[in-house]
Amino acid sequence: MKVCFITSEIFLGKRRGGFGKLVRDVGRELVKRGFDVSVICWHEPGEDYVMKLDGMEVLSYPYDYTTCSSFKHLMDYTKVIPLIKRVDADVYISIDCLIETYLAQKLMPNRKHVIWVQDPFDWNDYRLLGSIDPNYRISRLKFWITTRLYERAYKRTNLILTQAKYYIPKIARLYGVNPDRILYLPNPVEHIPDESSINKSKEPAVCFLGRMDPQKRYWLFFELAKNFPDVDFIAVGKPNPLYEELYRQIVEKYRGLKKLKITGFVSEEEKSRILSRSWILCLPSIREGLPIAFLEAMAHKCALLSSVNPDQLVSKYGYYALHDDFARGLRYLLEDDKWREHGEKSYKYVKAVHSINTVISKLVSYLEFLNRK
């Protein structure tokens with residue numbers, strides 16, 4: 001069976017977010033199981049590649065997400081049309097609904113189409129993110145047009161999956177979808193280490209894992225480090241190219257903190273070592289979906305400290321900083337080693353629900369069912 005992922009990134013080059021990590025992990029596993037896998041994704045202006053990656057064929061096209069020109073975006077979208085036709089897949093899987101999702105349905109109406117929902121946006125989401133990042137400030141007209149187009153794509157698609165249960169009513173409301181059509185398929189965690197290999201540091205250690213973009217509010221993590229001079233803080237990640245200058249300006253203010261280590265992007269092996277020694281993952285985002293960073297940290301017995309609480313995971317396995325009370329939350333988790341109990345429970349949850357073999361087996365069963373219809 002030939003499967004094609006339609007996504008905004010592939011965890012390569014400058015774009016290394018959660019969506020790209022998901023596609024690489026899932027695509028690699030499907031290749032191992034005998035699937036012919038392709039990926040259609042954006043690339044930075046000036047880059048150009050059609051390549052093999054982890055056994056997958058990657059076909060990319062230039063998409064300038066830095067421009068506000070609707071005409072420029074429309075011209076970019078025309079470049080994806082020959083790629084959709086060239087792949088000629090049996091099943092197209094969109095990682096979140098995109099304009100490309102709708103185009104694939106129109107261009108290949110006799111093929112199967114899947115939307116795997118990761119992070120759907122309503123108007124309040126754009127307003128919230130726009131309060132901290134001008135790139136998310138869009139007009140109501142643009143939001144309405146995009147939402148109506150996505151609504152058509154959702155109604156035409158053969159299968160709707162969602163990585164978080166709390167999205168089901170939101171998708172139903174936003175796109176007029178019967179909630180019974182939406183199936184829960186959690187995101188996988190590629191590497192869940194054996195318990196014996198997880199060695200927590202003797203001294204308190206808190207980590208941040210994610211893109212250094214405004215919505216993550218990583219500077220609040222740095223402030224926490226300033227206020228807890230006896231705790232080790234490790235920040236892992238790098239900014240989207242749009243925000244590199246802002247990142248440099250912010251980081252410069254905190255370089256003197258002896259207990260704060262800023263690593264930038266690290267290998268998967270180094271990331272696992274950092275999570276293994278960390279007690280707590282802190283993610284002070286103004287808004288999130290259900291980040292893979294949560295799942296990876298939980299797979300290493302970390303408690304969670306965050307201002308977002310998707311599927312109630314943070315309140316179950318850590319401290320939900322609803323009012324940005326991160327200092328209070330950190331003191332709570334450190335007191336009487338509460339972080340350890342939360343970390344133990346989070347590990348068991350991830351191993352039962354998010355192991356990559358469990359998730360891929362469910363996805364394969366869905367794909368095989370679609371292919372028989």
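Trainee: Which residues of α4 are buried?
Mentor: In this predicted model, the buried ones are Ile99, Glu100, Thr101, Tyr102, Leu103, Ala104 and Gln105.

Trainee: How many residues of α4 is that, out of what total?
Mentor: Seven of the nine are buried, so the helix is largely enclosed by the rest of the structure.

Trainee: And which strands does α4 lie across?
Mentor: Helix α4, residues 99–107, lies across β1 (2–6), β2 (36–43), β4, β5 (91–95) and β6 (112–117). Its direction is at about 165° to β6.

Trainee: Let's talk about the sheet, then. In what order do the strands come?
Mentor: The order is β3-β4-β2-β1-β5-β6-β7-β8, eight strands in an open sheet with mixed pairing. The edges are β3 (50–53) and β8 (182–184), each of which pairs on one side only. On average, neighbouring strands are turned by 25° against each other, direction ignored.

Trainee: How many bridges join β2 to β4?
Mentor: Six bridges join them, and the two strands run parallel. One place to look is Val39, whose bridge partner in β4 is Val58.

Trainee: What about β1 and β2, how do they run?
Mentor: β1 and β2 run parallel and are joined by five bridges. There, Val3 stands opposite Val37 in β2.

Trainee: Is β2 mostly covered or mostly open?
Mentor: Mostly covered: seven of the eight residues of β2 are buried.

Trainee: Moving along the sheet, where is Ile160?
Mentor: Ile160 is in strand β7, which spans residues 159–162.

Trainee: Why does Ile160 count as buried?
Mentor: Because its relative accessibility is 0%, and the cut-off for buried is under 20%.

Trainee: What is Ile160 in contact with?
Mentor: Leaving aside neighbours within four places in sequence, Ile160 is in contact with Ile115, Val117, Tyr154, Val177, Arg181, Ile182 and Leu183. For Val177, which is 17 residues away along the chain, the C-alpha atoms of the pair are separated by 9.6 Å.

Trainee: New topic: helices α13 and α14. What angle do they pack at?
Mentor: Helix α13 (residues 326–334) and helix α14 (residues 338–353) pack at about 85°, with their axes 5 Å apart. That makes α13 roughly perpendicular to α14.

Trainee: Which residues make the contact?
Mentor: From α13 it is Tyr332, Leu333 and Leu334, and from α14 it is Lys338, Trp339 and His342. By class, the contact has four nonpolar residues, one polar and one charged.

Trainee: Is Asp324 buried, exposed or partly exposed?
Mentor: Partly exposed, with a relative accessible area of 35% for Asp324.

Technical notes: Residues are numbered from 1 along each chain as its sequence is written. This is a predicted model: local features need pLDDT of at least 70, side-chain atom pairs count only at pLDDT 80 or more; totals for chains, interfaces and linings use all residues. Side-chain values use heavy atoms; hydrogens and water are left out. Helices (H or I, at least four residues) and strands (E, at least two) are DSSP runs, numbered from the N terminus. Buried means under 20% relative accessible area, exposed over 50%, partly exposed in between (1.4 Å probe, protein chains only). Contact means heavy atoms within 4.5 Å. Two strands pair if DSSP finds at least two bridges between them. Axes are lines fitted to C-alpha atoms, for helices over the stretch in contact, and angles run from 0 to 180 degrees between N-to-C directions. Angles under 35 degrees count as roughly parallel, over 145 as roughly antiparallel, 65 to 115 as roughly perpendicular and the rest as oblique. Ala, Val, Leu, Ile, Met, Phe, Trp, Tyr, Cys and Pro count as nonpolar, Asp, Glu, Lys and Arg as charged, and the others, Gly among them, as polar.
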